[in-house]
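Visitor: I have a model open and want to learn how to read its features. Where do we begin?

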Amino acid sequence: MASRCGASDAGSRLSGVAGSRMSGVAQAELNQLEEVILNKIQQRVPSKIGEETYIVKVCRYQDLAGSGWIDYSKFKRAFAPFTPGVADQDVRLIFDRYASNDCLPYKQFAVEFVRGIRRDGDFMALGSEAVQELAWEDALGGIKASLCGRGIRAVIDLCLAFSEVDPDNVRAVSADGFSAALSRVFSAENDCQLQDGLVDQLFEVFQQPFAPGQLAYDQFIQVFKDDALAGDRRQAVRAAFRRLDTDSEGLVNINKLVSAFDPVRHPQVSDGSRQAEDVVAEFVETFQDFLSFSRGRQSYPSYLVAWEEFEDYHKFVSACVESEALFCATMQRAWNSDKGPNDSIESRAALARPAAGVPGKSRAGLHHWQCDTLPLSITHNKATEFLTAETVALRLRQNIARRGVSHAFDVVKNFYVADDDLDDLLDVYEFRRACQQSGMTMRESEEMMCFEACAADTPAAAKKGSSLIHLQRWLCLLHGQLPPARLQLVERVFRALGGDPGNEESCVSPAALKANFVAEAHPLVRKGELDAGVLLGEFLDTFSLFSHVRGGCQNGMVAFSDFLAYYMVYSSTIDNDALFDLLMHRLWPIDAESLEEQGGAEAPIDGSPSKRERWATPVFEVGDQAVPRQKAPPHEGPSSYAREQQRLPDSHRRFSRNAVPASPPPEEARPRMNQSVVPGTPQTGYSSITKSSIVFNEAASGELGAVLQRMRASIARRGLKGWTCLAERFESVDHRRNGGTMKSDFQRVHRGMGLGLSPEEQELVFKYFVGRRRDGSMDYRECLRALRGPLPERRAPLVRRLFEDMCQGGGAVPGQALKARFDARSTPMVLVGVKDAATEQQDFHEAVDHFSTGGFFEEQAFVDFFTMLSSVYKEEDEFKLMTTTVFGLHGAGIGGG
């Protein structure tokens with residue numbers, strides 16, 4: 001075979017080293033240099049392989065074309081790790097010693113270099129056996145690589161060539177017939193031609209020892225089938241034949257075999273590299289020619305194909321497919337072996353068994369029978385209720401939502417993968433397999449409804465003729481329609497990212513999505529129940545997976561259609577509009593300007609951070625930190641830094657060992673609910689720490705204020721139930737019913753609630769709220785007012801609006817009306833899964849019953865009640881949710897007024 005086919009004549013392989021290049025180095029020195037290089041190679045050879053195999057692997061890495069030959073530049077790169085310090089001319093001499101026409105057959109080189117054939121000087125004396133063996137093995141490997149590289153048609157052509165030179169079907173040919181058969185397949189036209197000396201050598205190797213001058217070409221062709229069906233390949237072929245051989249006779253009608261071949265699902269047809277008509281024509285022609293070759297021209301015609309014939313044909317096919325995964329996928333798809341009967345998919349009878357064992361109806365009276373004795377389930381409905389495809393999709397959607405967002409996108413991936421022929425059509429088997437992988441169960445009647453609702457009416461479906469479901473229609477039914485309010489939110493987010501929802505050409509980059517996704521603002525992340533990195537990774541993984549299976553994000557950019565399609569799936573996992581609204585405003589930077597353009601957004605308070613800045617740093621209310629973020633007020637009055645200043649008494653606790661108790665302010669100066677002063681604030685007009693008129697939030701830095709802040713946070717973590725329990729415990733120890741509690745009772749309440757104050761802090765709180773009471777008891781009502789703190793000015797309009805909506809022109813809000821309009825499922829605690837709806841509703845009802853006066857809330861009591869809610873929900877959007885959506889005010893979302 002010519003060099004481009006992987007072999008050359010034996011004479012060319014026996015050529016010596018060029019004399020002109022050997023003049024500078026002695027033969028002995030070159031041999032010694034080869035021994036040094038071989039020693040370095042042996043040091044790197046793994047224990048499981050030999051030196052020859054290792055050298056072949058090193059050279060094959062440089063042979064990108066897989067021809068079995070390398071030139072000097074590739075040889076130099078391959079041996080660079082073993083020739084440090086060796087001159088380039090010496091490396092060239094070693095190359096010329098084994099090369100022919102500036103090309104080195106590295107398989108032969110590996111054997112000769114390791115065995116030292118040329119170093120020992122016995123190479124020319126061998127004449128033969130080792131070198132000739134290497135020559136015909138390389139030539140045979142080149143023939144196999146050439147044929148298999150040209151496909152199954154070339155292999156079958158070689159078989160037909162032997163049949164033509166053997167008209168009597170004796171399965172043997174002479175030397176001339178062998179040469180003629182090879183010449184028909186390997187010619188100059190197909191860019192691969194054999195040399196006469198190599199053909200003669202192959203004939204001598206394969207000629208029959210008991211019949212000299214004759215070659216059994218079946219033995220020669222067997223070379224192409226050896227180890228062709230190893231491992232999973234044979235199992236894939238057996239699975240395909242089992243599906244065809246329904247009677248288990250080992251025989252299949254050829255017409256049935258041809259009709260069962262599905263070229264549309266062939267991988268080369270799916271990726272668009274070939275047409276379905278070409279694939280099926282190639283299979284039919286090559287299979288018939290193979291049967292003609294294997295049976296002989298004079299055999300009796302038969303329409304039955306045996307298992308052995310089916311296996312032998314696919315041995316040739318397997319030899320032409322290098323990848324085992326590709327071959328197995330081709331067998332599975334082309335023969336639909338993955339659509340065979342499967343008990344795990346076909347079993348529907350188990351869903352019809354809930355009625356078994358249910359006792360029959362019995363008489364409840366003289367003339368009446370018991371009713372409703374059968375349990376209601378997905379298999380048993382009321383006679384008045386009709387099952388529709390929408391109800392089936394709703395049930396499946398709810399089951400998917402329970403397993404999370406990642407599972408929802410895995411379901412989409414499973415259905416897209418099931419459509420392996422990329423025609424947006426799924427048959428029953430593909431649909432059921434995707435349902436099984438997704439954990440979705442349906443009855444047969446439900447499956448029929450889904451197929452009818454999403455029936456495919458395309459020409460491709462009409463051509464196939466079987467029951468098919470349209471993939472896109474089914475996914476739309478499964479995920480449901482995106483409500484208008486959610487669609488507007490998605491448009492706002494895309495507009496905030498810099499895109500235009502109305503222009504399909506407008507796109508945003510994936511880097512912009514990653515940079516603007518605020519995972520730290522997710523409710524579960526804020527509560528410490530989820531890691532922000534995990535949430536960001538989930539978003540990036542699901543978005544990239546969804547874009548990959550859909551084929552979206554053309555040119556690496558995200559269009560609005562891609563963004564909308566993603567959130568249609570995401571929205572199907574959230575059945576509550578309030579939670580979807582909350583998450584969109586938390587996770588994406590919907591700024592106030594864009595919302596105001598959409599219609600009536602609430603203007604931010606002066607100095608308040610934007611939504612993006614608000615989640616960049618934690619949000620604190622009054623008293624949350626010692627030094628607020630706002631700029632200090634301008635200085636007025638005396639200062640500790642002035643040259644002349646009035647001497648002030650050192651009465652602060654910083655200048656004494658014992659804390660100086662603060663003198664109680666007069667009754668009219670006591671803090672009220674609508675004031676922003678918290679107990680513990682010095683009333684001296686200057687800062688007790690810096691002796692300046694600039695006061696840095698003394699409400700939080702004062703000792704009493706800090707203690708009350710800790711108590712408020714401890715109670716707020718328990719929700720409304722914490723406030724209700726604290727008030728009930730105070731009232732239970734108020735034996736005189738005068739709003740006071742003694743010190744021992746206060747300590748008992750403290751232990752029962754687990755507020756975690758030290759004895760000194762308990763003493764400080766008790767003494768302050770004793771005030772001017774003559775009985776020595778603490779005024780726990782004033783303590784509760786101080787613990788609630790003031791209602792932030794930003795939240796007051798929300799409470800006022802809710803009060804006006806619920807009082808209906810009266811002066812008070814009935815507690816029953818408040819409880820009736822309360823939707824526990826829309827509360828933030830329930831939305832994020834911290835509490836269940838029943839518990840949240842019970843806690844709210846108990847709080848309403850306790851804090852209402854005569855079953856009503858006047859305006860101040862209403863404000864006080866929602867001040868407690870304000871301490872529970874620190875985030876602005878959560879509190880806004882509690883004053884709008886939870887009570888049925890759906891006119892404004894979280895981001896709107």
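Guide: Begin with a single side chain, Lys 721. This is a predicted model, and in it Lys 721 has 37% relative accessibility, so it counts as partly exposed.

Visitor: Which residue forms a salt bridge with Lys 721?

Guide: Glu 846 does, and the closest N and O atoms are 3.7 Å apart. The cut-off for a salt bridge is 4 Å, so the pair qualifies. Lys 721 sits in helix H37 (residues 720-732) and Glu 846 in helix H44 (residues 837-851), so the bridge ties together parts 125 residues apart in sequence. Glu 846 is also partly exposed, at 32% relative accessibility.

Visitor: How many salt bridges does the structure hold?

Guide: The count is 37. One of them joins Arg 234 and Glu 311, with the closest N and O atoms 1.9 Å apart. Arg 234 belongs to helix H14 (residues 232-244) and Glu 311 to helix H18, so this pair links parts that are 77 residues apart in sequence.

Visitor: Is Glu 311 buried or exposed?

Guide: Glu 311 is buried, with a relative accessible area of 8%. Arg 234 is partly exposed, at 30% relative accessibility.

Visitor: What about Asp 823 and Arg 825?

Guide: Asp 823 forms a salt bridge with Arg 825, and their closest N and O atoms are 3.4 Å apart. Asp 823 is partly exposed, with a relative accessible area of 24%. Arg 825 is exposed, at 57%.

Visitor: Which residues are linked in a network of salt bridges?

Guide: Look at Arg 153, Asp 157, Glu 285 and Asp 289. Salt bridges link these four in a network.

Visitor: Now helices. How do I check the length of H17?

Guide: Compare its end-to-end span with the span expected at 1.5 Å a residue. Helix H17 (residues 276-295) has 20 residues. From first C-alpha to last, H17 reaches 29 Å, close to the expected 28 Å. Just after H17, Gly 296 takes a positive phi of about 95°.

Visitor: Which residues of H17 are buried?

Guide: They are Ala 276, Val 279, Phe 283, Thr 286, Phe 287, Phe 290, Leu 291 and Phe 293. Viewed down the axis of H17, they fall within an arc of 160°, so they line one face of the helix. That buried set packs against several elements, including helix H10 (152-165), helix H16 (267-270), strand S4 (304-306) and helix H18 (307-319).

Visitor: Why is H22 described as largely enclosed?

Guide: Count its buried residues. In H22, 10 of the 14 residues are buried, so the rest of the structure largely encloses this helix. Among them are His 407, Phe 409, Asn 414, Phe 415 and Tyr 416. The cover over the buried residues includes helix H21 (389-402), strand S5 (425-427), helix H23 (428-438) and helix H30 (532-550).

Visitor: What span should H22 have at 1.5 Å a residue?

Guide: Its 14 residues, 405-418, should span 20 Å. The end C-alpha atoms are 20 Å apart, which agrees.

Visitor: One last residue. Where is Asp 745 placed?

Guide: Asp 745 is in helix H38 (residues 743-753). A relative accessible area of 8% makes Asp 745 buried, because the cut-off is under 20%. A polar contact of 2.6 Å joins its side chain to that of Arg 748.

Visitor: Leaving aside neighbours within four places in sequence, what is Asp 745 in contact with?

Guide: Asp 745 is then in contact with Val 733 and His 735.

Note on methods: Residues numbered from 1 in each chain as written. Predicted model: local features only at pLDDT ≥ 70, side-chain atom pairs only at ≥ 80, totals over all residues. Heavy atoms only, no water. Helix = DSSP H or I, 4+ residues; strand = E, 2+ residues; numbered from the N terminus. Buried < 20%, exposed > 50% of the residue type's maximum accessible area, 1.4 Å probe, protein only. Polar contact = N/O pair within 3.5 Å; in protein donor to acceptor, adjacent residues only side chain to side chain. Contact = heavy atoms within 4.5 Å. Expected span 1.5 Å × (residues − 1). Arc of directions from axis to C-beta.
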